[in-house]
Amino acid sequence: MASIRMAALLLAAIGLAGCARDNSDALAVYRPAPGITEIVSGPIEAAPGHHLVIGDLNIPPGAPIPRHFHHGEEFLYVIGGSTVIARQGQEAMTLLPGQGIRIAPGTVHWGRAGPEGLRAVSSWVVPDGQPLRVPVPAPEGSAH
């Protein structure tokens with residue numbers, strides 16, 4: 001009986017050792033502060049008069065994305081969580097990990113991070129001398 005108990009303890013110890021394996025091969029992931037962190041910005045030689053801005057979006061669960069537009073294009077790629085994006089004159093759409101969207105220059109858009117928040121990479125093509133983002137007040141009586 002004692003040998004069976006000893007064998008069971010030995011098997012349990014081997015099993016636990018396997019669960020506690022070294023995760024040194026795990027992929028390290030950068031975790032920025034909540035909000036939008038600009039990570040790269042610079043001129044675009046192939047498009048004189050424009051520069052590129054790349055941002056890491058880390059939006060808390062349910063947080064609103066205020067109405068705004070950009071003078072240039074925006075390309076958004078969701079890497080975690082989800083978001084609902086609304087564009088003026090179009091139906092709102094939900095974006096999940098692995099999905100992306102191109103938003104045309106001058107398109108007023110807004111949204112909300114999903115229940116688990118939003119992690120995304122966004123790229124903006126910005127005409128030189130223009131701001132990255134232009135806030136747009138919500139229409140009177142509108143929820144957005």
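This is a predicted model: local features need pLDDT of at least 70, side-chain atom pairs count only at pLDDT 80 or more; totals for chains, interfaces and linings use all residues.
Glu 73 lies in the loop between S3 and S4, whereas Arg 102 belongs to strand S6 (residues 100-103), so the bridge ties together parts that are 29 residues apart in sequence. Glu 73 is partly exposed, with a relative accessible area of 23%. Arg 102 also counts as partly exposed, at 42% relative accessibility.

The count of salt bridges comes to two. In the other pair, Arg 119 forms a salt bridge with Asp 56, with the closest N and O atoms 2.9 Å apart. This pair links distant parts of the chain, since Arg 119 is in strand S7 and Asp 56 in strand S2, 63 residues apart. Arg 119 counts as buried at 12% relative accessibility. Side chains of opposite charge can pair when their charged atoms come close.

Asp 56 is found in strand S2, which spans residues 50-59. Is Asp 56 buried or exposed? Its relative accessibility is 8%; because buried means under 20%, Asp 56 counts as buried.

The side chains of Asp 56 and Arg 119 are joined by a polar contact of 2.9 Å. When residues up to four places away in sequence are not counted, Asp 56 touches Tyr 30, Pro 32, Gly 35, Ile 36, Thr 37, Ile 39, Arg 119 and Ala 120.

## Strand S7 and its partners

Strand S7 (residues 109-127) is mostly covered, with 15 of its 19 residues buried. S7 pairs with S2 in the antiparallel sense over 10 bridges, and within S2 and S7 the residue His 51 stands opposite Val 126. S4 and S7 likewise pair in the antiparallel sense, over 12 bridges. Leu 76 stands opposite Ser 122 in S7.

Strand S3 (residues 64-69) also pairs with S7 in the antiparallel sense, over three bridges. Here His 68 stands opposite His 109 in S7. In a regular strand the side chains alternate between the two faces of the sheet.

## Surface features and a loop position

Tyr 77, Ile 79 and Val 121 make a nonpolar surface patch of about 250 Å². Ile 79 lies in strand S4 (residues 74-87). Ile 79 is partly exposed, with a relative accessible area of 44%.

Ala 47 is found in the loop between strand S1 (35-43) and S2. At 25% relative accessibility, Ala 47 counts as partly exposed. Ala 47 and Pro 127 are 80 residues apart in sequence, yet their C-alpha atoms are 9.4 Å apart in space.

## The chain as a whole

The protein chain contains one helix and eight strands. Read along the sequence, these elements follow the pattern α-β-β-β-β-β-β-β-β. Among contacts between residues at least 6 apart in sequence, 67% join residues at least 24 apart.

Of the 144 residues of the protein chain, 33% count as buried. The chain exposes about 9,200 Å², and carbon and sulfur atoms supply 63% of this area.

Methods. Residues are numbered from 1 along each chain as its sequence is written. Side-chain values use heavy atoms; hydrogens and water are left out. Patches are made of residues with over 30% relative accessible area and no salt bridge: like charges are joined within 9 Å, nonpolar side chains (Val, Leu, Ile, Met, Phe, Trp, Tyr) within 5 Å. Accessible areas come from the Shrake-Rupley method with a 1.4 Å probe; for residues, only the protein chains shown count as cover. A salt bridge is a side-chain nitrogen of Lys or Arg within 4 Å of a carboxyl oxygen of Asp or Glu. Helices (H or I, at least four residues) and strands (E, at least two) are DSSP runs, numbered from the N terminus. Buried means under 20% relative accessible area, exposed over 50%, partly exposed in between (1.4 Å probe, protein chains only). A polar contact is a pair of N or O atoms within 3.5 Å; within protein, one must be able to donate a hydrogen and the other to accept it, and residues adjacent in sequence count only if both atoms are side-chain atoms. Contact means heavy atoms within 4.5 Å. Two strands pair if DSSP finds at least two bridges between them.
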